Amino acid sequence: MTKHLMLGIAALALSAGLASAQELTFKPGSEPDRFDWASYDQFAKDNDLSGKTLTITGPWTGGDKKLFESVLAYFEAATGAKVDYSGSESFEQDIVIAAKGGTPPNIAVFPQPGLASDLAKQGYLTPMPEGTGAWIKDNYAAGQSWEDLSTYAGKDGMKQTFTFPFKADLKSLVWYVPENFKEAGYKVPETMEELKALTEQIKADGGTPWCIGLGSGAATGWPATDWVEDIMLRTQSPQTYDDWVSNALKFNDPKVVDAIKDYGWFAKTPGFAEGGEQAVATTDFRDSPKGLFDFPPKCYMHKQASFIPTFFPEGTKVGSDVNFFYFPAYEGKDLGKPVLGAGTMFGITKDSKAAEAFIKFLETPIASEIWMAQSGFLTPNKNVNLAAFANDVQRNMNKILLDATTFRFDGSDQMPGEIGTDAFWKAMVAYTTGDETAQEAADAVQKRWDSIEK
């Protein structure tokens, strides 16, 4: 991000944006069939923090900041503590400068595990309260995945749980218009084999199966990296995926090249993608789902993350006008139900009694349910009441998270910047347009990776 760093430092120091004095969104004890107030009451009974102040900084601004502050208000009401939250669009730079300058907040909210891992290694993070890692493993769907995502080496080289994952995002989704499927007699596929068969059937019927767009200005190519990451999780073990992300498995290994080719089967096979491969490479990702809504439809399916409804035509109702299904796994491979996504991780950057209590607060169902009942929140926490969700759309998305046997964070976001947000993007564009083969594209990324490791 390119905001002025000094302004960000000032924001951290002043802790702008207070959650205090905010009224509780839902009255404690109300709608008992929806909210787990027992978890709130027990937490309040166990934690008296009267007179204490907790400082938190993170990437949430605007609407997300207000939603997070609505959750913080319950921590304040339960404990008597005061919470000062500061949201910054240049959080990644700000928190590094604040930590190294000796002025960090008590808690930092990391949008990527890589930055948290770096700060832990440099000694700027305090390990989570004892037992947190085991709690994550036992209480989150695909809990081992989430515990691994939160475990890093500290300054002494010892691996410990350094972050608490809270708000999750979902990428393994395919969007479609139910009415179009109904009229054509198509059924939602439950396996990758069925998805590929449906793709071939749509083409045979004279339709176009997919709308795909890689355009994103300077970031053009990133949607294709999501395809490859999802396919890697459906063709290889989670450990192989992790090895690929760290380059222990070379980018030009046949396993990776095959995943790129699998993406190419959808994007490059003549008649499978609206406009052909050149259109795929140049269409802006924000415009790419529009073909779903044309009459007759220009395409029947669109693979994209949970945020894409923002770019659907105005007035589109998700759940009726358009819906989604899980990007399925191969039935012929014993890899369970892997899910690709992202999320935010809470880390303690300045330890205190209030900071450790807040991590325990995040474990309570009510901490999630307050946000669930409003908008834009998904969680792998198996203890939450799904009735708390504001609508069936969020509830059904969350079910995909809860059904996951493996969760992995977006791979390109964990790779070095020169690779994940440059070389990988460019290679996928070159492959999509036909300027490079899958092998050549993978070789180019590995060559770049080798050059930065010298």
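## Helix α12

A residue counts as buried when its relative accessible area is under 20%. By that criterion, in this predicted model, the buried residues of helix α12 (residues 254-268) are Val-256, Val-257, Ala-259, Ile-260, Asp-262, Tyr-263, Gly-264, Phe-266 and Ala-267. They pack against α9, α10, α11 (238-246), α13, α18 (417-433) and α19 (438-452).

At the start of α12, the backbone nitrogen of Lys-255 lies within 2.9 Å of a side-chain oxygen of Asp-253.

## Nonpolar cores

The largest nonpolar core has 89 residues; Ile-56, Phe-75, Phe-110, Phe-164, Phe-346 and Phe-358 touch the most other members. Domain 1 (25-169 + 342-400) and domain 2 (173-340 + 411-453) each supply at least three residues to this core. Another core, apart from this one, holds 49 residues, including Val-257, Ala-273, Phe-424 and Ala-438. Val-257 is also among the buried residues of α12.

Phe-75 has contacts beyond its neighbours within four places in sequence: Phe-43, Leu-49, Leu-54, Gly-80, Ala-81, Val-83, Ala-354, Ala-357, Phe-358 and Phe-361. Of these partners, Phe-358 is itself one of the residues that touch the most other members of the largest core.

## Disulfide

One disulfide is found in the whole structure. It joins Cys-211 and Cys-299, with the sulfur atoms 2.1 Å apart. The angle about the S-S bond is -105°, and the link is left-handed.

The two cysteines are 88 residues apart and connect distant parts of the chain. Cys-211 sits in the loop between α9 (192-204) and α10 (222-235), while Cys-299 sits in the loop between α13 (276-282) and β8 (302-303). Both cysteines are buried.

How values were computed: Residues are numbered from 1 along each chain as its sequence is written. This is a predicted model: local features need pLDDT of at least 70, side-chain atom pairs count only at pLDDT 80 or more; totals for chains, interfaces and linings use all residues. Side-chain values use heavy atoms; hydrogens and water are left out. A nonpolar core is a set of buried Ala, Val, Leu, Ile, Met, Phe, Trp, Tyr and Cys residues joined through side-chain atoms within 4.5 Å. Buried means under 20% relative accessible area, exposed over 50%, partly exposed in between (1.4 Å probe, protein chains only). Domain bounds come from an automatic or database domain assignment. Contact means heavy atoms within 4.5 Å. A disulfide is a pair of cysteine sulfur atoms within 2.5 Å. Helices (H or I, at least four residues) and strands (E, at least two) are DSSP runs, numbered from the N terminus. A polar contact is a pair of N or O atoms within 3.5 Å; within protein, one must be able to donate a hydrogen and the other to accept it, and residues adjacent in sequence count only if both atoms are side-chain atoms.
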